[in-house]
Amino acid sequence: MTVLPYRDLMATLRRLGLNKRQVGSLLPAWWELPMAAAPSGAWEFALMISRRLGLDAVALARGELVPLGAVSAPRFKHTARVTAQDLDVSSRIAGALAKAIVAAMPPQPPVPSLSAQEVRAEILAKPGGRVDFDSLLTFAWERGIPVIPLPNLPTGVKKMDAVALKVESRPAIVIARKNDSKAWLSFLLAHELGHILLGHVPAGGSIVEGSLRDTADFEAEAELDQQEQEANAFAHEVLGGREVQDAVSQWGPRATMMQLVDRALEGGPRLRTAPGHLILRYAFLYRRWADASTALKFLTDDMDAQATLVDRMASQIDTNAIADDLQEFVEHITGVAARAA
């Protein structure tokens with residue numbers, strides 16, 4: 001088999017927008033550049049990088065970029081501020097990461113189509129049930145849908161907010177957005193669950209959410225896409241639906257920031273949803289983004305979303321079950337340390 005020299009392989013990867021340092025950060029710690037001098041080393045380099053970027057290794061060895069799996073034909077959403085090309089590398093990494101993690105999971109029956117009402121009812125049926133970030137994570141993992149953190153991309157690689165994908169027929173969600181508010185990530189997670197449970201993601205396919213900013217632009221962009229409208233409605237319904245909408249509409253458009261906090265803390269237990277979601281829904285309704293963002297900081301149970309993501313994955317996945325050549329990659333990219341032997 002013909003394998004291009006290392007310098008030509010790097011020239012091929014630069015067409016993706018990757019520089020030498022970024023490529024190096026994806027490789028295992030034991031790899032050293034002189035290893036790529038011989039054809040066998042160049043092939044090993046091509047194989048390792050292709051496994052981390054969801055590429056056909058044989059094609060890469062010839063200088064061709066042929067995507068495989070869930071990122072071979074991704075659909076990009078909410079890309080007003082970033083282009084599909086901007087997100088190409090991060091999308092490929094997300095797909096390769098999900099493939100490695102799903103392969104380490106036990107077999108699971110197909111995930112059924114579920115309505116938002118059914119998801120909410122299942123969560124609330126548990127003792128002390130409340131719809132919040134933690135219960136949504138529990139629901140997803142119990143249904144065999146891994147929710148994978150993606151905090152550690154190579155420096156300079158532009159990231160998406162999230163990806164809903166299927167590795168063959170197995171669904172997965174990747175959360176890349178670095179936001180420590182559980183309310184915001186609850187909405188994002190519920191939105192991605194909507195894409196999966198409503199059948200928007202085909203086998204071997206993916207939906208890449210480019211930029212869901214903390215502004216009304218989210219809804220404005222969603223109006224342009226029927227599936228985004230459906231996933232948006234699904235998320236709102238799971239998190240409280242009309243009952244929450246009616247409650248926050250009574251707060252009025254001029255509530256002070258501390259009034260938002262007090263009313264959310266009172267309404268959350270009654271509506272069986274996280275107080276942070278009430279504040280976020282208020283922001284959607286009245287476009288009070290700055291005050292809502294400040295109010296969320298006063299809710300102690302709205303903090304540490306990133307640590308919660310990582311801790312939940314660490315409790316669900318034994319990274320020692322991941323393929324040997326990808327274990328270090330998965331642990332670094334996700335921030336999940338290997339379990340003690």
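## The largest pocket

In this predicted model, the largest pocket is lined by 21 residues, and those nearest its centre are Arg51, Gly54, Gly95, Ala96 and Lys99. A pocket here is an open set of points on a 1 Å grid over the protein atoms alone, where a 1.4 Å probe fits and protein lies on both sides within 12 Å along at least five of seven lines, whereas a cavity is a set of points from which the probe cannot get out; lining residues have an atom within 4 Å of a point. Rolling a probe the size of a water molecule over the atoms shows where empty space is left. The space in the largest pocket comes to about 360 Å³, a volume being the space filled by probe spheres set on the points, with grid points joined across faces, edges and corners.

At least two lining residues of the largest pocket come from each of α3 (39-53), α5 (88-103) and β3, and α5 gives the most, with five residues. Helices (H or I, at least four residues) and strands (E, at least two) are DSSP runs, numbered from the N terminus. By residue type, the lining of the largest pocket divides into twelve nonpolar, five polar and four charged residues, where Ala, Val, Leu, Ile, Met, Phe, Trp, Tyr, Cys and Pro count as nonpolar, Asp, Glu, Lys and Arg as charged, and the others, Gly among them, as polar.

## The second largest pocket

The second largest pocket has a volume of about 150 Å³ and is lined by 13 residues, of which Pro110, Val111, Lys166, Ser169 and Pro171 lie nearest its centre. Two or more residues of this lining come from each of β4 and α8 (182-197), and the lining of the second largest pocket is made up of seven nonpolar, four polar and two charged residues.

Strand β4 (residues 170-175) is largely enclosed by the rest of the structure, because six of its six residues are buried, that is, under 20% relative accessible area, while exposed means over 50% and partly exposed lies in between (1.4 Å probe, protein chains only). The cover extends to both faces of β4, with Arg170, Ala172 and Val174 buried on one side and Pro171, Ile173 and Ile175 buried on the other.

Two strands are said to pair if DSSP finds at least two bridges between them. Strand β2 (residues 147-149) pairs with β4 in the parallel sense over three bridges, and Pro149 stands opposite Ile175 in β4. Strand β3 (residues 162-167) pairs with β4 in the antiparallel sense over six bridges, with Ile173 as the bridge partner of Ala164. The strands β3 and β4 form a hairpin with two residues between them, and Glu168 in the turn has a positive phi of about 55°.

## Strand β5

Strands β1 (residues 75-77) and β5 run parallel and are joined by three bridges, with Glu209 in β5 as the bridge partner of Lys77. Strands β3 and β5 run antiparallel, joined by four bridges, and Leu165 stands opposite Ser206 in β5.

Glu243 lies in helix α11 (residues 241-249) and is partly exposed, with a relative accessible area of 49%. Its C-alpha atom is separated by 7.6 Å from that of Leu271, although Glu243 and Leu271 are 28 residues apart along the chain.

Arg272, in the loop between α12 (257-271) and α13 (275-286), has a positive phi near 55° despite being a residue other than glycine, and counts as partly exposed at 34% relative accessibility. Asp304, in the loop between α14 (289-296) and α15 (305-316), is likewise not a glycine and has a positive phi of about 65°; at 45% relative accessibility, Asp304 counts as partly exposed.

## Confidence and conventions

The mean pLDDT of the chain is 90, and 93% of its residues reach 70 or more, pLDDT being the predictor's confidence in each residue, from 0 to 100. Over residues 214-223 the pLDDT is below 50, and beyond near neighbours in sequence this stretch has 30 contacts in the model, a contact meaning heavy atoms within 4.5 Å. Where pLDDT is low, the predicted coordinates should not be read in detail.

Residues are numbered from 1 along each chain as its sequence is written, and side-chain values use heavy atoms, with hydrogens and water left out. For this predicted model, local features need pLDDT of at least 70 and side-chain atom pairs count only at pLDDT 80 or more, whereas totals for chains, interfaces and linings use all residues.
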